[in-house]
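Me: Got a model open here and want a quick walk through it. Can we start with the terms and then go feature by feature?

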Amino acid sequence: MNERGKSDDGIVPRKRPNKGTGAPVPAEDVEERPSTKGNPNRQNSFRTQCRAELDDALGRIRQVAKRDQEAKFTALWHHVYKIDQLREAFLSLKRTAAPGVDGVTWQDYREDLESNLRDLSDRLQRGAYRPHPVRRSYIPKADGRQRPLGVTATEDKLVQRATVEVLNAVYEEDFVGFSYGFRPGRDQHRALDAIYVGFTRRKVNWVLDADIRGFFDAIDHGWLMRFVEHRIADKRVNRHIKKWLHAGVLEDGEWRQEEEGTPQGGCVSPLLGNIYLHYVFDLWANAWRKKAHGDMVIVRYADDCVVGFEHRHTAEQFRRDLERRMAKFGLVLHPEKTRLLEFGRFAAERRKRRGDKKPETFDFLGFTHICATRRTTGGFVIRRRTMRKRVRAKLAELKLELRRRLHHRVPEVGTWLASVLRGHFNYYGVPLNYPSLATFHNRVVRLWLATLRRRSQRSSMTWERMSVTAARYLPRPQIKRPWPSENLSV
């Protein structure tokens, strides 16, 4: 590991804010970066002395990455094939995930876990490890289309997870503050809160809602490896990344090699996507906004990006430059999902003077963002409402599942529906979204009522009885998330 460029005190200044330090409220203060030590999203794991030793090793990598932004890491692979690291990676995997082409489930691999880990560690150390092809499946999207999903073999998942854990120690010191998604401690609600606070506290009058068409399928392997090699000079790490990219896809019994893109569903794909966009978009946008006229706020979650501007001509110029930038690296903005719209504190007033309709809305991470005013003070707020197509898709899914559970016991169905509603409220329970939550709750109760009435031609289930049953088993709508300004502690 190259440790050149050490500073006297080892302190590196915070990353630059969204629009310089001279602005009254720097946007980077809205998009605060949490500590990157450890992984707060680790699942199904337990704290041991081995975990502490792994954290110490990764902590030393973070220190070097923070001290020297140009340092190249030449010795990382030995952290990946440590048995303790592989064990932690295995315990963090989803236990109910579908098996890959090898047919091995999480439970199957655990039956002889220590022996399997020793064998895997030995193969990784000797260079004898070979990844399996990715099994291609499809999941329905909200618009009725099919999204391709790659199902990775269990052993490949845990090796990728261990590799991501090590690489995160490097790249979490490089990634910019407005980058969210598939990063420790930077989930959807962090991105949503950053938009809310940034758009309400900065001079935002125009919004560019940008979406990259088929991003994970369009990643150029050559450019990706060049970007990775900017920081990672360990040939064994880079060789295994190439192996995963070239492992191929197995669909309908036929194997084929993918010349571009990363299979969605693998543990390493989100990190590789973030690395690709870090060099293609994030660093470029950071440099572009220095010459921007007026305020500019950026929030990116994976391949979805929302940019706020003070002036329309700045927004239009940014879009034109962005399209040229994306084309250089084989990416294209989705023509239907990429829009420039008037939005912000004065959008409704200005459009009313011109005789136009109400301000347009934009969708981001499952919410429709709407310009609104407070009932008490009349101040500007952004109302976030559950996207209608998300609600329709979820209700259609519940209707089919209720039909499948038609003759199950009422307490059993009630317990299952309660877990569905709690998950829905935990995500969509943001301030000012109570009407959408109440509507969803009411629709679920009515679906359950219709299902219970189908159990008999002489059903005695009335709405009054159904209300009592629903009150017994189902949670009431509840706002679970704090106001964005409180959550970000600005």
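Reply: Burial first. Buried means under 20% relative accessible area, exposed means over 50%, and partly exposed is in between (1.4 Å probe, protein chains only). Ile 382 is buried, with a relative accessible area of 1%.

Me: What should I know about the source and the numbering?
Reply: This is a predicted model: local features need pLDDT of at least 70, side-chain atom pairs count only at pLDDT 80 or more, and totals for chains, interfaces and linings use all residues. Residues are numbered from 1 along each chain as its sequence is written, and side-chain values use heavy atoms, with hydrogens and water left out.

Me: Where is Ile 382 placed?
Reply: In strand β12. Helices (H or I, at least four residues) and strands (E, at least two) are DSSP runs, numbered from the N terminus.

Me: Which order do the strands of the open three-stranded sheet have?
Reply: The order is β10-β11-β12, with antiparallel pairing. Two strands pair if DSSP finds at least two bridges between them.

Me: Why is one side of β10 and of β12 left without a neighbour in the sheet?
Reply: β10 (362-364) and β12 (380-386) stand at the edges, and each has a single partner strand, so one side of each has no neighbour in the sheet. The twist averages 40° from one strand to the next. For that angle, axes are lines fitted to C-alpha atoms (for helices over the stretch in contact), and angles run from 0 to 180 degrees between N-to-C directions.

Me: How many bridges join β10 and β11?
Reply: Three, in the antiparallel sense, with β11 covering residues 367-373. Phe 362 has His 369 in β11 as its bridge partner.

Me: What sits in the loop between β10 and β11?
Reply: Leu 365 lies there. Its phi is near 55°, a positive value in a residue other than glycine. Most residues other than glycine have a negative phi. Leu 365 is buried, at 12% relative accessible area.

Me: Where does Ala 302 lie?
Reply: In the loop between β7 (296-301) and β8 (304-309). Phi of Ala 302 is near 55°, a positive value in a residue other than glycine. At 8% relative accessibility, Ala 302 counts as buried.

Me: How do β7 and β8 pair? What stands opposite Tyr 301?
Reply: β7 and β8 pair in the antiparallel sense over six bridges. Asp 304 in β8 stands opposite Tyr 301.

Me: Which order do the five strands of that open sheet take?
Reply: β3-β7-β8-β4-β9, with mixed pairing. The edge strands are β3 (179-180) and β9 (339-342), each pairing on one side only.

Me: Switching to aromatics. How many pairs?
Reply: The count comes to 24 aromatic pairs. Rings of Phe, Tyr and Trp (its six-membered ring) pair if their centres lie within 6.5 Å; planes under 30 degrees apart count as stacked, over 60 as edge-to-face and the rest as tilted.

Me: Why does the pair of Phe 90 and Trp 106 count as stacked?
Reply: The ring centres of Phe 90 and Trp 106 are 4.7 Å apart and the planes are at 5°, so the pair is stacked. Phe 90 is in helix α4 (residues 83-91) and Trp 106 in helix α5 (residues 106-110), so the pair ties together parts that are 16 residues apart in sequence. Both Phe 90 and Trp 106 are buried.

Me: What about Trp 288 and Phe 318?
Reply: Trp 288 and Phe 318 form an edge-to-face pair, 5.0 Å centre to centre with 80° between the planes. Trp 288 lies in helix α12 (residues 269-288) and Phe 318 in helix α13 (residues 312-328), so the pair ties together parts that are 30 residues apart in sequence. Trp 288 is buried at 7% relative accessible area, and Phe 318 counts as buried at 0%.

Me: Which residues form the aromatic cluster?
Reply: Phe 215, Phe 216, Trp 223, Phe 227, Tyr 276, Tyr 279 and Phe 329 form one cluster.
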